[in-house]
Amino acid sequence: MEKEESGSKKPVVNPKDLTICEATARMLEKARKDGVETAFDRALNMKACPIGADSACCKHCAMGPCRLNSKDPYGKVGVCGATIDTIQARNFARMVATGAAAHTDHGMAMVDLFREVVNGNIKEYRIKDTDKLIKVAQSIGIETEGRSEKEIATDLYKELERTYTQLEGEIPFAKRVPEKTLETWRKLGIVPRGAMREIMELMHRTHIGVDQHYENITKQSSRTALADGWGGSMVATEISDILFGTPTPVAVEVNMGVLKKDQVNVIIHGHEPNMFESMLVSVNEPTLIQAAKDAGAQGINLVGMCCSGAEMMSRHGIPHAGNFMSTEAILVTGAVDAMCVDIQCIKQGLVSVADCYKTPLITTNIRAHIEGATHIEFDHHNPQKCTDEVVIMAITRFKNRTAAIEIPNIRNTGIHGFSHEYINYMLGGTFRGSYTPLNDNIINGRIRGVAGVVGCTNPRIKQDWAHVELVKELIKNDVLVLQTGCSQISLAKAGLYTPEAACLAGSGLREVCETVGMPPVLGMGSCVDNSRILIAASEMVRIGGLGNSIADLPAAGAAPEWMSEKAISIGQYFVASGVYTVFGVTFPIVKETKFHKLLFEGLEQQGLGKWGFTPDPYEMAKMMIAHIDKKRKALGLDKGKERVLVDMAARREMDAAA
Ligand code: NFS
């Protein structure tokens, strides 16, 4: 795939070998012509450190850093005596701690906002989904009968604050965990307390000379990850739904063609929905629209990227320009008049790309400044101050556009916004909303099982390719796929978010999709919305017929192109919840070690799920399907309740036999 450019030492790679996203490939070509470097280039020029990739080094103290030999992992130990298992478990734990901290801090920001709204200190936002408020309150035992919205909401924010601060006992959403799963956690001592305590304890235990048993460290990793999935992430999703509305299916355009040459293009990139919600107000402000027109534009075009984009497309149908590995390429179009970011997954490299095209790159969050970007702080007490200013900057850039503009004319329309609540309604109807039809279809074998395919894109693998190939294999084998985040965008670009894509599914899944009118792949939103998948799984257990715990379900998870520590935290909370979870690209571990055995086998023996790894999406599909089949067998669902088509000839035969 690589060839030497004459006179140059650097390998030149065809962009089509780096991504299957045509728009991104085209923009990578343009970037080359424009002399702009992207993460794809840097990944080619930077060999990943092989010792770090195997997690065989420790740099937690100044006696080291110590490097062990991944070919002979038990051949030596660190200066303090730490074994390969301690070192790997410690490194893994710190990835979980950081990932969990990111999600729970995002959730904390949502609690802060909710508290201020409920107490009347913020007027710009309000409770939009009262029905959801009541349901969430009821799910954790808050009395709602005959009480005012304010009383319920006050109790709810106080209760949800325990997700972070609870010193002893169980976090509120532990009440949503299926009983048998919770029983396993209690037995293992991994029911989470407040996230602040769990993350603090995990950081403490991974300091030099504290917890030096890989099994004990991993227990705390599970507990911390669960404080993310059933805690911080779930709080982020539920409060966002209460304040901004629970998603229902909506047709959305995805891909770079959503940028408009004759409009002021404002892009929002990050994770917290509040700044994006306020930007939606600013771009609809008549005086700003007029200002855009006065500058010669047809209007203001608001577009999302990455996870905040995935959240806003699900909730409001806002168009989405692309996922993590397209963020620089989108700037290369020259059409972006302002890129406004908040937290997480924002490459520092965006600064220099934005600079080349004279696009203002604006950081807005107190926790995330970037050197070289313009910082306009977003304060949720006065949100429009920041967002209006960004729009004005964008209009100014539009008026003074100098960059050559080239927008790949590619848009993929699909249906997104399948919240857990909507799936309930879609399958069961308004009056008897229920997961019963889904369970029935799994029991009768039309649907073989359910898979969650989520996570990032990563320049170490051809962008979108593993996501798309994996999902195609799964649906072909009658596995219903639930998605979030960048993975959802990969599949949207591949055209799988249309009801017509059901033709790519196996006959059983196709029949269900056609009956309900749904795509074979259901998009649930951003990465914190993986909590919706946990709730859906719990509901499947509650309805019955598929075992008593999440670990019994014919289900599996995957992040085939992961790159972030958040993905590791997500993986660990899915595993600890009972799900077989397979990662692609690379896995930070040395094979044939005790720690490897624990993650890939031991946790399952304890009644949890387990990890899997392969960079090959076809192999990944096989592994997930084999696991689903194993679970079907354990439930006694393998004895093929084969549906026999009885035609006239068969009937006559039956009559004759009688
Ligand atoms: Ni989630 Fe990865 Fe980032 Fe979202 Fe995309 S890269 S772990 S999918 S935007 S968080």
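Axes are lines fitted to C-alpha atoms, for helices over the stretch in contact, and angles run from 0 to 180 degrees between N-to-C directions. The views below come from a predicted model.

**View 1. Helices α4 and α22 cross.** Helix α4 spans residues 84-118, and its axis comes within 7 Å of the axis of α22. The two axes cross at roughly 95°. Angles of 65 to 115 degrees count as roughly perpendicular. Helices α4 and α22 are therefore roughly perpendicular to each other. On the α4 side, the contact is made by F92, R94, M95, V96, T98, G99, A100, A102 and H103. On the α22 side, E565, K566, I568, S569, I570 and Q572 take part. Seven residues of this contact are nonpolar, five are polar and three are charged.

**View 2. Six strands make an open sheet.** The strand order is β14-β13-β12-β15-β16-β17, and the pairing is parallel. At the edges stand β14 (521-523) and β17 (611-613), each pairing on one side only. From one strand to the next, the twist averages 25°. Inside the order, β12 (residues 449-453) pairs with β15 (residues 555-559) in the parallel sense. Four bridges join β12 and β15. V453 stands opposite A558 of β15.

View 3. Helix α18 takes in residues 465-476. The strands are β12, β13 (479-483), β14 and β15. The helix runs at about 145° to β13.

**View 4. Helix α18 meets helix α24.** Helix α24 is made of residues 617-634. The axes of α18 and α24 come within 8 Å and cross at roughly 40°. That angle makes α18 oblique to α24. The crossing of α18 past α24 is right-handed. Helix α18 brings W465, A466, E469, L470, E473 and L474 to the contact. Helix α24 brings P617, Y618, M620, A621, M624 and I625. Ten of the contact residues are nonpolar, none is polar and two are charged.

**View 5. Five strands make another open sheet.** Here the order is β7-β6-β8-β9-β10, with parallel pairing. The edge strands are β7 (300-305) and β10 (374-375). Each has a single partner strand, so one side of each is left without a neighbour in the sheet. Strand β6 (residues 264-269) pairs with β7 over six bridges, in the parallel sense. N265 has N301 of β7 as its bridge partner.

View 6. Helix α10 (residues 273-283) touches β6, β7 and β8. Its direction makes about 165° with that of β7. Helix α15 (residues 383-399) touches β6, β7, β8, β9 (361-363) and β10. The direction of α15 makes about 135° with that of β6.

View 7. Q384 belongs to helix α15. Q384 and E124 are 260 residues apart in sequence. In space, their C-alpha atoms are 8.7 Å apart. Leaving out residues up to four places away in sequence, Q384 touches E124, S278, V281, S282 and E389.

**View 8. W185 and W230 form an aromatic pair.** The whole structure holds 15 aromatic pairs. In the pair of W185 and W230, the ring centres are 6.0 Å apart and the planes stand at 70°, so the pair is edge-to-face. W185 sits in helix α7 (residues 179-188) and W230 in helix α9 (residues 214-244). The pair therefore ties together parts that are 45 residues apart in sequence.

**View 9. Two loops show backbone details.** The peptide bond from G64 to P65 is cis, and its omega is near 0°. P65 is in the loop between β3 (57-58) and β4 (66-67). Q344 has a phi near 70°, a positive value in a residue other than glycine. The loop that holds Q344 runs between β8 (338-341) and α14 (350-356).

Note on methods: Residues numbered from 1 in each chain as written. Predicted model: local features only at pLDDT ≥ 70, side-chain atom pairs only at ≥ 80, totals over all residues. Heavy atoms only, no water. Pairing = 2+ DSSP bridges. Contact = heavy atoms within 4.5 Å. Parallel < 35°, antiparallel > 145°, perpendicular 65-115°, else oblique. Left-handed = near helix turned anticlockwise from the far one by under 90°. Nonpolar A, V, L, I, M, F, W, Y, C, P; charged D, E, K, R; others polar. Phe/Tyr/Trp six-rings, centres within 6.5 Å; stacked < 30°, edge-to-face > 60°.
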